[in-house]
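The overall build comes after that.

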Amino acid sequence: MGEQLWGGRFSKSTDEMINEFQASIQFDKRMYHEDIAGSIAHARMLAKCGIISDDDCLKITDGLKAILTDIETGTFDFSVDLEDIHMNIEKRLTDKIGEAGGRLHTARSRNDQVALDTHIYVRRETAAVSRLILELQKAFAETARKYSDVIMPGYTHLQRAQPILFSHHMLAYFSMLCRDFSRFEGVYDRCDIMPLGAGALAGTTFPIDRQLVADQLNFSSVYANSLDAVSDRDYIMEFLSSASILMIHLSRISEEIILWCSREFAFIELDDAHCTGSSMMPQKKNPDVSELVRGKTGRVIGHLMAMLTTVKGLPLAYNKDLQEDKEGLFDTIDTIKFSLAVYAQLIRGMKVNREIMLKAVREDFSNATDLADYLVKKGLPFRQAHAVSGKAVHYCIEQHKWLEDMTMEEFKKLSDLFEPDIKEAIKPETCVKNRDSYGGTSYNQTQIQLASAEEILLKQQKKLDLYHSRKIEI
């Protein structure tokens with residue numbers, strides 16, 4: 001067992017089981033780039049402030065860059081005995097450059113160091129998630145445009161309700177993802193605060209320049225309170241919350257796709273590349289991607305609940321409990337990035353069975369509201385019109401026919417207000433066309449929504465370009 005870098009106060013080595021229990025290197029090693037970038041910025045600040053020499057700063061930065069190369073080429077051996085990514089890198093640096101390496105940790109603690117690394121990491125991954133959200137939004141918009149004239153049943157309570165455009169349905173998910181993108185913008189802002197310089201909890205006695213570190217690492221602001229800086233995990237909880245809502249949206253479209261590609265619906269057909277078969281039943285084509293995304297939603301929500309529960313009872317400032325912020329966070333990042341990427345492919349690859357969708361609309365009573373609206377426009381109060389329309393549906397069910405099959409004689413028996421134009425008024429195409437209120441499903445409104453979607457995508461792309469311009473290079 002190697003000597004602990006914090007072991008001066010102790011007369012006995014830590015039990016090996018305890019070392020393994022408290023070690024986080026197995027999962028936090030993915031933050032190596034952030035740790036090295038933060039340490040280089042810290043070293044340069046220390047030199048600028050006259051706390052270490054320029055020569056030591058040069059040795060430290062060169063040594064850290066060499067370690068970065070070792071990690072990225074797979075020649076760096078991580079040690080559980082050294083607990084985490086921070087201690088692993090510092091130990092290797094000291095072994096490489098000697099005494100100068102021991103000066104790197106001047107005026108900082110692992111508490112503010114790990115906070116810094118996590119802030120940078122979450123900020124970077126938030127930008128990556130936002131890019132994937134944008135790509136999925138593009139897939140929904142492209143699909144909406146491709147099938148802009150396809151009519152399908154709209155549902156409430158999973159019962160056919162009113163005819164809508166398939167493109168209108170796709171754009172509903174586009175709108176959900178707009179809110180997801182906006183939520184992650186908020187996450188980016190909340191993790192774009194620089195904590196280094198807070199020390200363990202109370203700051204430092206050295207004359208440091210925290211703004212200099214923030215400028216090097218492209219942070220917009222610096223924590224104003226050292227206790228808050230090392231204990232704040234709001235941005236992680238917010239990331240997990242935003243991720244949970246995002247996954248719920250993906251789970252909802254998953255549920256619909258699973259239904260739509262079944263033989264009972266047959267509204268769509270998924271690309272073979274996004275499905276699997278059965279080891280026993282040769283006819284099967286299973287929507288595994290959608291089922292997995294639906295299933296992984298519970299996993300992401302679980303990580304949010306775990307994090308909320310971990311933080312709720314912690315006194316200020318740092319507590320070891322906060323080490324539990326990373327595994328769930330990392331798993332959530334991996335899960336939502338994969339889910340978003342695979343869903344963009346799935347949406348672009350699916351085929352829409354327009355004839356089957358239209359047949360479903362024609363062979364139901366989803367035009368009953370339009371029949372009532374027709375009577376209202378002829379002067380009948382809506383509640384009376386609703387009752388007449390309900391009687392028409394009841395009559396058709398008894399006669400095994402649809403509203404469009406009714407004769408004028410049958411319509412006239414229900415109300416003298418019916419004229420021959422009722423046939424045109426209750427056609428699915430007319431039902432869709434007439435719903436021209438703002439945000440409605442009409443052909444006109446859907447085109448307006450598509451044009452708006454293009455503007456939104458351009459605006460969001462500008463935000464992503466800004467994120468990219470603030471990327472940290474070593």
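I looked up the handedness first: H8 passes H20 in a left-handed crossing. (Left-handed means the near helix is turned anticlockwise from the far one by less than a right angle; clockwise would be right-handed.) This is a predicted model, where local features need pLDDT of at least 70, side-chain atom pairs count only at pLDDT 80 or more, and totals for chains, interfaces and linings use all residues. Residues are numbered from 1 along each chain as its sequence is written, and side-chain values use heavy atoms, with hydrogens and water left out.

Next I took the geometry. The axes of H8 (residues 166-191) and H20 (residues 443-469) come within 11 Å and cross at roughly 25 degrees. That makes H8 roughly parallel to H20, the term for angles under 35 degrees. Axes here are lines fitted to C-alpha atoms over the stretch in contact, and angles run from 0 to 180 degrees between N-to-C directions.

Then I listed the contact (heavy atoms within 4.5 Å). H8 brings residues including Leu171, Phe174, Phe181 and Tyr188. H20 brings, among them, Leu450, Ile456, Leu457 and Tyr467. By class, I noted 11 nonpolar, 5 polar and 2 charged residues.

Last, I checked the whole protein. I found 20 helices and 6 strands, which are DSSP runs (helices H or I, at least four residues; strands E, at least two) numbered from the N terminus. The C-alpha atoms fill a box of roughly 100 × 50 × 40 Å along the principal axes. Buried residues (under 20% relative accessible area, 1.4 Å probe, protein chains only) make up 49% of the 474 residues.

Definitions and conventions. Parallel < 35°, antiparallel > 145°, perpendicular 65-115°, else oblique. Nonpolar A, V, L, I, M, F, W, Y, C, P; charged D, E, K, R; others polar. Buried < 20%, exposed > 50% of the residue type's maximum accessible area, 1.4 Å probe, protein only.
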